[in-house]
Amino acid sequence: MKDINELIMDISWNCSKSVQEEAKRILIEHSDYDIKILLEIDDKSCWENAAQILKSKGCEKTKEIIDLLFLQIRDLNWPGSKQILDLLRTFPQKLFQPAYERAICSAIRAKDDEWLDYLAIFIYEKKVEKKVFVNKFLYDILKDHLPFWL
């Protein structure tokens, strides 16, 4: 079997579909590697397939990297970001909420209004209510970004 770095290069959209599919199959089936590596890929041509692999692994196998998953939705125009958003939607509230609030704080510190717009989607779609927020102020900030989705 190829090593992890070779498999990651094989998920590039520059490879043939059959090479991409085989590499994705192996990376989905195997768990003998740190899945965080799928979020550390510099080559944009691999991001879409990396996101599909993570989504296929589900929230149980990706819960340890949930904070990194929130970083991937800073711009929903990036390849793979919509699959990561779909994966985040599957997390149960008790796992989701603490990481969600940390992501909101990070977006505020970075003065990243676009990321806040994308984070607001969860108030709209997941019906995240103010009462579940530890820091209620974060909910109020996101409410200002909700018109982006309405």
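Visitor: How many disulfides does the structure hold?

Guide: Welcome! This is a predicted model, in which local features need pLDDT of at least 70 and side-chain atom pairs count only at pLDDT 80 or more, while totals for chains, interfaces and linings use all residues. Residues are numbered from 1 along each chain as its sequence is written, and side-chain values use heavy atoms, with hydrogens and water left out. A disulfide is a pair of cysteine sulfur atoms within 2.5 Å. By that rule the number of disulfides held here is zero.

Visitor: Which cysteine has the sulfur nearest to that of Cys-15?

Guide: Cys-15 takes part in no disulfide. Its relative accessible area of 24% makes Cys-15 partly exposed (buried means under 20%, exposed over 50%, partly exposed in between, with a 1.4 Å probe and protein chains only). The nearest cysteine sulfur is 7.4 Å away and belongs to Cys-46.

Visitor: Where does Lys-36 sit, and which residues is Lys-36 in contact with, leaving aside neighbours within four places in sequence?

Guide: Lys-36 lies in the loop between helix 2 (17–29) and helix 3 (47–62); helices are DSSP runs of H or I with at least four residues, numbered from the N terminus. Lys-36 is partly exposed, at 31% relative accessible area. Contact means heavy atoms within 4.5 Å. Leaving aside neighbours within four places in sequence, the partners of Lys-36 are Ile-65 and Leu-68.

Visitor: Which side chain of opposite charge is nearest to Glu-101?

Guide: Glu-101 is found in helix 6 (residues 93–109), and Glu-101 is buried yet has no salt bridge. A salt bridge is a side-chain nitrogen of Lys or Arg within 4 Å of a carboxyl oxygen of Asp or Glu; for charge, Lys and Arg count as positive and Asp and Glu as negative, with His and the chain ends not counted. Beyond four places in sequence, Glu-101 is in contact with Val-132, Phe-133, Val-134, Asn-135 and Leu-138. The nearest side chain of opposite charge is 7.2 Å away, that of Lys-136.

Visitor: At what angle do helix 6 and helix 9 pack?

Guide: Axes here are lines fitted to C-alpha atoms over the stretch in contact, with angles from 0 to 180 degrees between N-to-C directions. The axes of helix 6 and helix 9 (residues 136–143) are 10 Å apart. Their contact is made by Tyr-100, Glu-101, Ile-104, Cys-105 and Ile-108 of helix 6 and Leu-138, Ile-141 and Leu-142 of helix 9. The packing angle is about 60°.

Visitor: What covers the buried residues of helix 5?

Guide: Helix 5 spans residues 81–89, and its buried residues are Ser-81, Gln-83, Ile-84, Leu-85, Leu-87 and Leu-88. The cover includes helix 3, helix 4 (66–71), helix 6 and helix 8 (121–125).

Visitor: Which residues are linked with Asp-86 and Arg-89 in a network of salt bridges?

Guide: The count for the model comes to eleven salt bridges. Among them, Asp-10 and Lys-2 meet at 2.5 Å, N to O. In the network, Asp-86 and Arg-89 are joined by Lys-55 and Glu-125.

How values were computed
Helices (H or I, at least four residues) and strands (E, at least two) are DSSP runs, numbered from the N terminus.
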